[in-house]
Amino acid sequence: MTKKILVTGGAGYIGSHTCIALHEAGYEVVVYDNLSNSSREAINRVFSIIGQPISFIEGDIRDAETLRQVFAAHAFFGVIHFAGLKAVGESVAKPLLYYNNNVSGSITLLEVMAEYDVKNLVFSSSATVYGDPETLPIDETSPRSCTNPYGQSKLTVEHILEDLAVSDASWNLIPLRYFNPVGAHPSGQIGEDPNDIPNNLMPYISQVAVGKLEKLSIFGNDYPTVDGTGVRDFIHVTDLAQGHVAALNYLQQHASSKNGSDTTGSVGFLPINLGTGKGTSVLDLVAAFTKVSKQPIPYQFAARRAGDIASCYASADKAKELLGWEAKLSITEMCQDTWRWQSQNPNGYDSH
Ligand code: NAD
Ligand code: WQD
């Protein structure tokens, strides 16, 4: 039986790549997205890559009535919940918007899931829940703390999921804690398309390389790291997408559900890191991108960015052990695929 999956936020950067991976793995996908940070063109490109349309519903996760209609119309095995706002700086300026969208929206989604007895969930969490880590690499038992409303919204949803799992053993809840997702589909047709000036490093670098931005500012060169710049665990978005397929496969094997799992067990609350386990510095990423794109990437050193930490990289052992998943793609491949997407679509989805 083909398993049907509701993908909230499926038109977004990570969601669109995951829709392709799900389709290739034999899952049937229904995308639910309010297009607040994405475009229909991304969905059209997903259709074009997989060679057939997928179901798309324009809707908001805070709209219980529309969600009910979707759950009434489809027998879902589970939900992958990407929908959320993700800009750290904006969350400091607009905390109510972030708590409303990310926390209230998740509660509404969970309530409707409960109504329809769909209790398998994969949730987009983030390495941001680890705050400034005491030890590296970061494993899933590391203490959690957040310093901005975006991170707090992810941590709050994690707490809600934990409480839900305690209250009722029929919930199977996997928060995936992503490290730093970068890269694009190898076709160059879909990728990250930030509004305005990018906040994150990789899209900033690629927009400098393509000539849209003049110069990269590197925030801090006095961190206690290999070269003084920040160190992160960059992970290719297609590896990340495969991590979601692996999490769903795990739910199929270990969770009970009326809509087609293989066993009658319970997963409870099972947080899992998705990272490569390797740290790369800002300067190393700039050098790798310069080599791949053969473009100059001018940069200047600037003050540290408020809230940044020196180093962050995952222990990816739990994902390997439980899900049989590990990241395969290198920094060079992350840069190659980002560059293909950026150079073919200099204005993102607005190019066409
Ligand atoms: P994205 O903005 O590209 O995708 C999120 C999607 O959710 C967008 O298509 C947006 O339109 C949709 N959305 C937002 N609010 C919604 C709502 N109320 N109802 C319906 N749809 C809504 O972001 P992304 O990079 O693909 O991230 C996906 C998820 O992963 C987010 O929850 C994000 O917080 C989390 N995450 C992202 C990163 C990262 O660096 N990209 C890292 C860790 C975690
Ligand atoms: C990486 C490094 C910067 C931009 C953020 C969120 C986190 C998660 C992933 C969602 C840092 C440096 C950056 C620039 C720079 N998102 N940098 N110049 O901060 O690790 O994580 O995205 O959950 O919550 O905080 O990623 O790409 O912004 O920064 O020097 O123009 O690049 O200082 O060292 P970060 P990033």
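Good morning. A strand, in this talk, is a DSSP run of at least two residues in state E, a helix is a run of at least four in state H or I, and both kinds are numbered from the N terminus. With that settled, I shall turn to the structure before you, which is a predicted model.

I begin with ligand 1. Which residues come closest to this ligand? They are D33, N37, S38, F82 and Y150, out of 27 residues that surround ligand 1. Sorted by class, this shell contains 12 polar residues, 10 nonpolar residues and five charged ones. Several elements of the fold take part: helices α1 (13-24) and α6 (149-167), together with strand β5 (120-126), each supply at least two residues of the shell. Of the elements, β5 gives the most, namely three residues.

Next, consider the polar atoms around ligand 1. The side chain of Y150 places a polar atom 2.7 Å from an oxygen atom of the ligand. The side chain of K154 has an N or O atom 2.8 Å from an oxygen atom of ligand 1. How much of ligand 1 does the protein cover? On its own the ligand has 820 Å² of accessible area, and the protein covers 95% of it.

I now move to ligand 2. It has 18 residues around it, and those that come nearest are S126, Y150, S217, R232 and D308. By class, the shell around ligand 2 has eight nonpolar, seven polar and three charged residues.

An N or O atom in the side chain of Y150 is 2.6 Å from an oxygen atom of ligand 2. R232 has a polar side-chain atom 2.5 Å from an oxygen atom of this ligand, and R305 has one at 2.8 Å from an oxygen atom of ligand 2. Of the 690 Å² that ligand 2 exposes when taken alone, the protein buries 87%. Helix α7 (201-209) and strand β8 (216-219) are the elements that give two or more residues to this shell. The largest share comes from β8, with four residues.

R232 leads us to the strands. It belongs to strand β9, residues 231-232, which runs parallel to β15 and is joined to it by two bridges. Within that pairing, R232 stands opposite C312 in β15. The strands β13, β9 and β15 form, in that order, an open sheet with mixed pairing. Why is one side of β13 (280-281) and of β15 (311-312) left without a neighbour in the sheet? Both stand at the edges, and each has a single partner strand, so one side has no neighbour there.

Two single residues complete the picture. K3 sits in the segment before β1. Is K3 buried or exposed? Its relative accessibility is 10%, so K3 counts as buried, the limit being under 20%. Its side chain makes a polar contact of 3.2 Å with the side chain of Q252.

S55, by contrast, is partly exposed, at a relative accessible area of 30%. It is found in strand β3, residues 55-58. Beyond its neighbours within four places in sequence, S55 is in contact with V29, V30 and V31. S55 and V29 are 26 residues apart in sequence, and their C-alpha atoms are 6.7 Å apart in space.

Thank you for your attention.

Notes: Residues are numbered from 1 along each chain as its sequence is written. Chains are lettered from A and ligands numbered from 1 in the order in which they are written. This is a predicted model: local features need pLDDT of at least 70, side-chain atom pairs count only at pLDDT 80 or more; totals for chains, interfaces and linings use all residues. Side-chain values use heavy atoms; hydrogens and water are left out. A residue is near a molecule or strand if one of its heavy atoms lies within 4 Å of it. A polar contact is a pair of N or O atoms within 3.5 Å; within protein, one must be able to donate a hydrogen and the other to accept it, and residues adjacent in sequence count only if both atoms are side-chain atoms. Accessible areas come from the Shrake-Rupley method with a 1.4 Å probe; for residues, only the protein chains shown count as cover. Ala, Val, Leu, Ile, Met, Phe, Trp, Tyr, Cys and Pro count as nonpolar, Asp, Glu, Lys and Arg as charged, and the others, Gly among them, as polar. Buried means under 20% relative accessible area, exposed over 50%, partly exposed in between (1.4 Å probe, protein chains only). Contact means heavy atoms within 4.5 Å. Two strands pair if DSSP finds at least two bridges between them.
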